[in-house]
Amino acid sequence: MPKVVTTTVEFPYRRSLGPVVGRFVAELARGRIVGARSGERVLAPPLEYDPDTGAATGELVEVGPGGTVRSWTWVGQPDTRHPLSRPFAFALIQLDGADTSMVHAVDAGSEAAMSTGMRVVARFRAEPGGRPDDLAFFVPEGAEPTGEEPATVSAAEAAARAGDEPVTPVETMEFWSSLAYQEALNPAAQRYADSMLAGRILGQRCPTCGKTYVPPRDFCPVDGIRLDESHDVVLPDRGVITNFTIVTPVQYPGQKETEPFVRVSVLLDEADALLGLQPVVGIPNEEVRVGMRVEAAWLPEAERNAEEFGNRGWGSTTGAIAGWRPTGEPDLPVERYIDRVF
Ligand SMILES: [Zn+2]
């Protein structure tokens, strides 16, 4: 059974909303939902252009806050990015006064409470954030939310709170983009991960060119031939630093480092390819140098984990090795490594 690794790519960005969506979002803070008039129809949610004709839409008009469920599906096990953490329905809801339907969540409590044609009414965030999800979810007409989170109010309560403040369109919003994907470790990556958990660094030696790669990849990139488990070799957990860089961290979202840190490439004894982007332990950044002999500082076996081992990269040791520490042996000649790239 191959180990499955989950990779999450996340980044924030700021987007402008434009006059139509910006007004739509601003009105939500007052408990009002607007649609865009286009010919005889009202589109809700509002769009800048009618998707059927490509023509620009006209004035914004109030719709809802009640509507009719036109179609729905039950979400029994919500994940962290769903609008509700309790089971709910995604529904196509045609708001009163609108000719199109919007996709939104219905907090109905149970699948049995859902039906096509049922009446629902909007709930608005008690603390509006100037975002489309200030329209939090819908509930069956006459019903209350089935949970506390997120805290919401009715359209009338939101309107009373907002009073007569003029509506200023929301110009920009912060958006957190997140994509998580899963893949099975390939056999070579699986053997490498298993060996690292056991405190051994696995490489692979090509019988044709004689070069030794780390981690094993089940092919030789020089000869283009297949390799397999029979070509695996256990490598010494010591080697030499062939290059390094000192990173001064910029505080972008997700950056956990606050102080300058060093990353080195390590050429293991008996290997021909480098382990890249390795941390160093036991010495200050300014003492790191090309030619320095180092050895692996293994984490205690009980603390090792394989979460960072994937199918790509330059041979991660994260989760098994804390970093590389000087052995105290004399340096090797810089000239031997200074022009080395891989
Ligand atoms: Zn080869």
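This is a predicted model: local features need pLDDT of at least 70, side-chain atom pairs count only at pLDDT 80 or more; totals for chains, interfaces and linings use all residues.
Local features need pLDDT of at least 70 and side-chain atom pairs count only at pLDDT 80 or more, whereas totals for chains, interfaces and linings use all residues. Residues are numbered from 1 along each chain as its sequence is written, and side-chain values use heavy atoms, with hydrogens and water left out.

A pocket here is an open set of points on a 1 Å grid over the protein atoms alone, where a 1.4 Å probe fits, with protein on both sides within 12 Å along at least five of seven lines, and lining residues have an atom within 4 Å of a point.

The largest pocket is lined by 39 residues, and Glu308, Phe309, Gly310, Ser316 and Thr318 are the closest to its centre. Among the DSSP runs (helices, H or I, of at least four residues; strands, E, of at least two; numbered from the N terminus), strand E1 (4–16), strand E11 (172–184), helix H3 (187–197) and strand E19 (274–278) each supply at least two lining residues, and E1 gives the most, with nine.

In the second largest pocket, Pro83, His104, Pro132, Asp133 and Leu135 lie nearest the centre, out of 26 lining residues. E11 contributes the largest share of this lining, five residues, and helix H1 (18–28), strand E7 (102–106) and strand E9 (135–140) are among the other elements that each supply at least two.
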